Amino acid sequence: METVRFTIDKKTIEVEKGTTILNAAKKAGIDIPSLCYFSLDGMKIENKPGGCRVCVVEVEGRRNLAPACATEVTDGMVVRTNSMRVLNARRTVLELILSDHPFDCLVCAKSGNCELQSLAHRMGVREIPYQGAQSTYRKDTSPSIIRDIDKCIMCRRCEMMCNDVQTVGALSAINRGFMAVVAPAFEMNLEKSPCTYCGQCVAVCP
Ligand code: SF4
Ligand code: SF4
Ligand code: FES
């Protein structure tokens, strides 16, 4: 096994070549927050679109912060996971995600079991300083699943689950920018898609 040595928060450790900063940090007992990242370890399947940027870290010699879930460790790399720059960036990222999220935690079925809510608590985000357009996508109601896309953070875990694990292929990312959604082809309702209502997409939705 080829390995690389790197330093993270002043700890020097050795990991298998190809390991991401996020997974290497876990090995070192360092907790980096994540949101879009998801792994099914037993099946060696990972969802790492690198889209949410909640996991950013500082890598010495790089101008921009790097997403820990999508950046592989290299020999001699020096990483900082808890500098003021990193903590401020993560907080801003979370505030921006929440700025386009319905403020209805009090009546939301996921409240208390919501990774976004937990992250907001963990980072001490209580108010959103940004105001902008809010998504107003139609709700898609099928016999057993309601897709309320206004709450979607585009982590794409559901897409990975439906395509790579269940191999049904009912979901994919469509549209761009603010209009981007994960939906059945041609934005048809789930009821008209090949969906089998296995519920696995719901189980991994943060
Ligand atoms: S419930 Fe439907 S859309 Fe969701 S993973 Fe199963 S088959 Fe795919
Ligand atoms: S609906 Fe899919 S893409 Fe949106 S938050 Fe849930 S798992 Fe992520
Ligand atoms: S968890 Fe790394 S970019 Fe989302």
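R80 counts as partly exposed, because its relative accessibility is 33%; the class runs between buried, under 20% relative accessible area, and exposed, over 50%, with a 1.4 Å probe and protein chains only. This is a predicted model, in which local features need pLDDT of at least 70 and side-chain atom pairs count only at pLDDT 80 or more, while totals for chains, interfaces and linings use all residues. Residues are numbered from 1 along each chain as its sequence is written, chains are lettered from A and ligands numbered from 1 in the order in which they are written, and side-chain values use heavy atoms, with hydrogens and water left out.

Back to R80. Its salt-bridge partner is E60, with the closest N and O atoms 3.3 Å apart. E60 sits in the loop between β5 (56–59) and β6 (66–67) and R80 in strand β7 (residues 78–80), so the bridge ties together parts 20 residues apart in sequence. Strands here are DSSP runs of E, at least two residues, and helices are runs of H or I, at least four, numbered from the N terminus. E60 is also partly exposed, at 49% relative accessibility.

By salt bridge I mean a side-chain nitrogen of Lys or Arg within 4 Å of a carboxyl oxygen of Asp or Glu. The structure holds 14 of them. One of these joins R147 to D140, at 2.8 Å between the closest N and O atoms, and both residues are buried. Another joins R156 and E159 at 2.7 Å, N to O. R156 is partly exposed at 32%, whereas E159, at 12%, is buried. Through shared partners, E58, E60, R80 and R85 form one salt-bridge network.

Now the domains. The assignment, automatic or from a database, gives domain 1 (1–133) and domain 2 (135–206). Their C-alpha centres lie 24 Å apart. Contact, meaning heavy atoms within 4.5 Å, takes 21 residues from domain 1 and 15 residues from domain 2.

How much area is buried between domain 1 and domain 2? About 1,500 Å², with carbon and sulfur atoms giving 64%; this is the accessible area (1.4 Å probe) that the two parts lose on being put together, summed over both. On the domain 1 side, F38, N47 and D100 lose the most area to domain 2, together 27% of what that side buries.

Across this interface the rule finds 2 salt bridges. Elements giving two or more residues to the domain 1 side are β3 (38–40), β4 (45–47) and α3 (115–122).
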